[in-house]
Structure formats: C-alpha cells, structure tokens
Amino acid sequence: MDRETLTKLEFDKILAQLAALAYTAGARERIRQLMPLADLTLVNLRLDETAEAMELLRFGEPGFLSSLQPVGQHLQKSRVAGILSPAELIDVYHLLRASR
C-alpha cells in the first residue's frame, strides 16, 4: 500500500490511537512501525493471535502487562557473553512469565 493511500485512510492516526492503549513502551514502538499486510495467510495468522490475546484479556486482569519492559538490549548483551544485572534479569523474568 502506498503512502498516499495510507495518508487518506489516516493510518497514522489509527496507529496513534492503538499505541495509546498499549501497556508497554516496547509495544507502543512496535505499533508505530506496523504496516498493512498483503499476504492473506499472514493476515489470518495475526487475526488468530489477536483473538487469542483478547480471550486472555477478557478472562484475566491485564495488570501483569504493566511490569513488562523492553528486553531487546538485554538479549543483545547476553548474546555477546555479557552478564545481565539483577534488574535486567527481572525484566526478562517478567516477560517470560507473561508469555507462558
């Protein structure tokens, strides 16, 4: 989809509204980078993932999401044989716990 079409559809405003609902800074950043998909298989996969997430949120309190922090830098650090600090390990723990 070209930029002009996205502008006419006010796609940037949709992303901004969605980002305002995100629980974490990492999620907000990923939302801002979203682009429409053209592959129907991938669209259906994303819809299934969204439906699953909605079920989890409907039956549980989403408060556990508020403790999540971006861990990309922590993972990069660990890949080059870095040692994570206790605070970094806690960030990774919270992400793993929320993803189970």
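Reply: Happy to! This is a predicted model, and its protein chain has six helices and zero strands. Read from the N terminus, the order is α-α-α-α-α-α. The radius of gyration is 17 Å, well over the 13 Å that the globule rule gives for 100 residues, so the chain is more spread out than a compact globule. Buried residues account for 16% of the 100 residues.

Now to the charges. The chain carries 12 positive and 13 negative side chains, and the centres of these two sets are 5 Å apart. How many salt bridges does the structure hold? There are five, and we can walk through some of them.

Let's begin in helix H4, which covers residues 40-59. Here glutamate 49 and arginine 46 form a salt bridge, at 3.5 Å from N to O. They sit three residues apart, about one turn of the helix. Glutamate 49 is partly exposed, with a relative accessible area of 39%, and arginine 46 is partly exposed with a value of 39%.

Helix H4 also holds arginine 58 and glutamate 55, again three residues apart, about one turn of the helix. The closest N and O atoms of this salt bridge are 2.1 Å apart. Arginine 58 counts as exposed at 56% relative accessibility, because the cut-off for exposed is over 50%.

Glutamate 88 and lysine 77 meet in a salt bridge of 3.0 Å, N to O. This pair links distant parts of the chain: glutamate 88 belongs to helix H6 and lysine 77 to helix H5 (residues 72-79), eleven residues apart. Glutamate 88, at 16% relative accessibility, counts as buried, because buried means under 20%. Lysine 77 is partly exposed at 31%.

Finally, look at aspartate 91, found in helix H6, which spans residues 86-99. What is the nearest side chain of opposite charge to aspartate 91, and how far away is it? That is lysine 77, 10 Å away. A salt bridge needs the nitrogen and oxygen within 4 Å, and aspartate 91 has none, although it is buried. Leaving aside neighbours within four places in sequence, aspartate 91 is in contact with Gln69, Val71 and His74.

How values were computed:
Residues numbered from 1 in each chain as written. Predicted model: local features only at pLDDT ≥ 70, side-chain atom pairs only at ≥ 80, totals over all residues. Heavy atoms only, no water. Helix = DSSP H or I, 4+ residues; strand = E, 2+ residues; numbered from the N terminus. Rg over C-alpha atoms; globule rule 2.2 N^0.38 Å. Buried < 20%, exposed > 50% of the residue type's maximum accessible area, 1.4 Å probe, protein only. Lys, Arg positive; Asp, Glu negative; His and termini not counted. Charge placed at Lys NZ, Arg CZ, Asp CG, Glu CD. Contact = heavy atoms within 4.5 Å.
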